[in-house]
Every structure is written in structure tokens, then in C-alpha cells.
Amino acid sequence: MPVEVTWWGHATCTVEDSDVRVLTDPLFARRLAHLRRRRGALPPPEASRADVAVVSHLHADHLHIPSLARLAPGTRLLVPRGALRAVPGLRRLTRLRVTEVAPGDQVKAGDLVIRAVPARHDGRRLPLGPHRCPALGYVVEGEARTYFAGDTGLFDSMAEEVGPVDVALLPVGGWGPYLGEGHLDAGRAAQALARLAPRSAVPVHYGTYWPIGMDAVRPHEFHAPGEEFVRLAAERAPGVAVHLLRHGESVRPEVAR
């Protein structure tokens, strides 16, 4: 079966390739601290079905212990190196097979190889986070090569570190009205797309969570990043097919044969 990508909202996607299901940064909460889900129904139970789950960094909207606890016993979970020390709740997930990885590490899952790649982002467990862990992206290599960027800023060696890919899942926004350093907005994501030059792309990490009581503060930053990315990608990377998904929607991107 060709690779299939489903976007569940925020940075949570299912990548199905070579009969292996890879789930990215699982987040199935209606509310998380000061954030609430403003768009899209909560993902259905089937969204938590995975052979492998990957976590890009330790922020609570990417490493969410209650969501990880919904994974079936025996699910393989890849987390940044040092996560088990920094996030004690991970050690209570004894039903999962947790593996710490760093940039350059590769893990085999069925006919897939999952490769950890660098990201430019503060990987600490906030707000205090005494232990630093690397923020990661992942390349899922099977019938296609699918890059999940996690959270990252634009950096000079991105294309070299990630390598050739067919599909790029790129963050284009955030969960609040202002994006800090170490993030991609729609414009920087379009620049990243031009550097990576995949055949297809899916914008993620926007239009899902927003701070409670801030609905009227820069609402453009919540609603518009996906469509803005489509527009800018057409200018800067016209050869890339961009798939703008709704929550829970799937696509089978074209890949090289």
C-alpha cells in the first residue's frame, strides 16, 4: 500500500507505510494546562493504534503522558535521549517499549527504518526542565521517506541533516498568538520546503489548540497558517504538492518510484 498520512491535529499524525503504523507526538486531550482544543473533534480511539510512536521533544503538548498511556501494550515508543530521567512519568509507562534516541540513531520496525534527525528547538521539559534533551525530527523510511519535523526552526544544514525525502510534515504555526525562536511559521516553513524539495508536504502544528480566554488575540495566527503555507509554498517550492488536511483527514501522497 502506498504511504498514507492522517493528521489528527496539532503535531499528531499517523504515517502508515509498509503495513507499519507510526504515530507522531500523540496528543488526545481536550484541554492541556492553559490550552483548549478549539477546532476538530477529539481523535477517535483508532488514532491511538500504532506499532511505533515517536516523540520529538519534551514539551507537554508533544510528550503528553496521559495520551501515551492510551497506546496498546507492547507499542514501541521512541523518545529523545535523557527523557526517562527528565520526565518521571515516562517510567510509569511499563507496558510500552521505550527507547531513547539521539540524532543519527536508527530503529527498525518491520520493513521500516526510523531515523532520528536534529531539530533546532528548546527540548527541555518546561517550565523548569533542569535536564536538557535534544529536540528531534524523524525520517520514516519504507516505500517512501517521510520527514516529521516535530518543532524546529530553520537551520542551514537542515537539508543535509534530513537527507532526501518524499513527504514532509512541517509545522507552520503554534498554540499561541506569538511564535518564539525555534519555530517555523508559514513563511519559514515554505523556505524549509524549498531546501528539502520533497514531492509532497502536509502542514501541521496549527489551528488546533489555543490559550483559554485568548480567542480574540491575533486570531489570524490560529486560523490562517495552513492556507498561508499553501500560498507561499506555491511561490517558493512550486514543484511540491501541498496537501491541506482537515482534522482526521488522510492523504496518500505521490512518492518517487
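Biologist: Let's start with P164: buried or exposed?
Modeller: Buried means under 20% relative accessible area, exposed over 50% and partly exposed in between, with a 1.4 Å probe and protein chains only. The relative accessible area of P164 is 56%, so P164 counts as exposed.

Biologist: Before we go on, what is left out of the side-chain values?
Modeller: This is a predicted model, where local features need pLDDT of at least 70, side-chain atom pairs count only at pLDDT 80 or more, and totals for chains, interfaces and linings use all residues. Residues are numbered from 1 along each chain as its sequence is written, and side-chain values use heavy atoms, leaving out hydrogens and water.

Biologist: Thanks! And what is the C-alpha separation of P164 and R218?
Modeller: Helices (H or I, at least four residues) and strands (E, at least two) are DSSP runs, numbered from the N terminus. P164 sits in the loop between α3 (158–162) and β13 (167–171). Along the chain, P164 and R218 are 54 residues apart, and their C-alpha atoms are separated by 36 Å.

Biologist: How far apart in space are P2 and R252, C-alpha to C-alpha?
Modeller: P2 belongs to the segment before β1. With a relative accessibility of 30%, P2 counts as partly exposed. In sequence P2 and R252 are 250 residues apart, while in space, C-alpha to C-alpha, the separation is 6.5 Å.

Biologist: H10 is not a glycine, so to speak, but what is its phi?
Modeller: H10 lies in the loop between β1 (4–9) and β2 (12–17). The relative accessible area of H10 is 2%, so H10 is buried. Although H10 is not a glycine, its phi is positive, at about 50°.

Biologist: And near what value is the phi of H205?
Modeller: You will find H205 in the loop between β14 (200–204) and β15 (209–211). H205 counts as buried because its relative accessibility is 1%. H205 is a residue other than glycine, yet its phi is positive, near 60°.

Biologist: Which residues does T146 contact, leaving aside its neighbours within four places in sequence?
Modeller: T146 is part of strand β12 (residues 145–148). At a relative accessible area of 1%, T146 is buried. Contact means heavy atoms within 4.5 Å. Leaving aside neighbours within four places in sequence, the partners of T146 are V3, V15, Y138, V139, V140, V167 and L169.

Biologist: What about L63: which residues does it contact beyond its neighbours within four places in sequence?
Modeller: L63 lies in the loop between β6 (52–54) and α1 (65–68). Its relative accessibility is 0%, so L63 counts as buried. From V5, L63 is 58 residues away in sequence and 20 Å away in space, C-alpha to C-alpha. Beyond its neighbours within four places, L63 is in contact with V55, H57, L58, L68, V87, L90 and R125.

Biologist: How far apart in space are R76 and A50, C-alpha to C-alpha?
Modeller: R76 is in strand β7 (residues 76–80). Leaving aside neighbours within four places in sequence, its contacts are D51, V52, A53, R97, T99, V107 and K108. A50 is 26 residues from R76 in sequence, and the C-alpha to C-alpha separation is 8.5 Å.

Biologist: At what angle do the axes of α4 and α6 cross?
Modeller: Axes are lines fitted to C-alpha atoms, for helices over the stretch in contact, and angles run from 0 to 180 degrees between N-to-C directions. The axes of α4 (residues 186–196) and α6 (residues 225–236) come within 8 Å, and they cross at roughly 40°.

Biologist: Which word describes α4 relative to α6?
Modeller: Angles under 35 degrees count as roughly parallel, over 145 as roughly antiparallel, 65 to 115 as roughly perpendicular and the rest as oblique. The axes cross at roughly 40°. Relative to α6, α4 is therefore oblique.

Biologist: How many disulfides are there?
Modeller: A disulfide is counted when a pair of cysteine sulfur atoms lies within 2.5 Å. C13 is buried at a relative accessible area of 0%, and C133 is buried at 7%. By the distance rule, the number of disulfides is zero.
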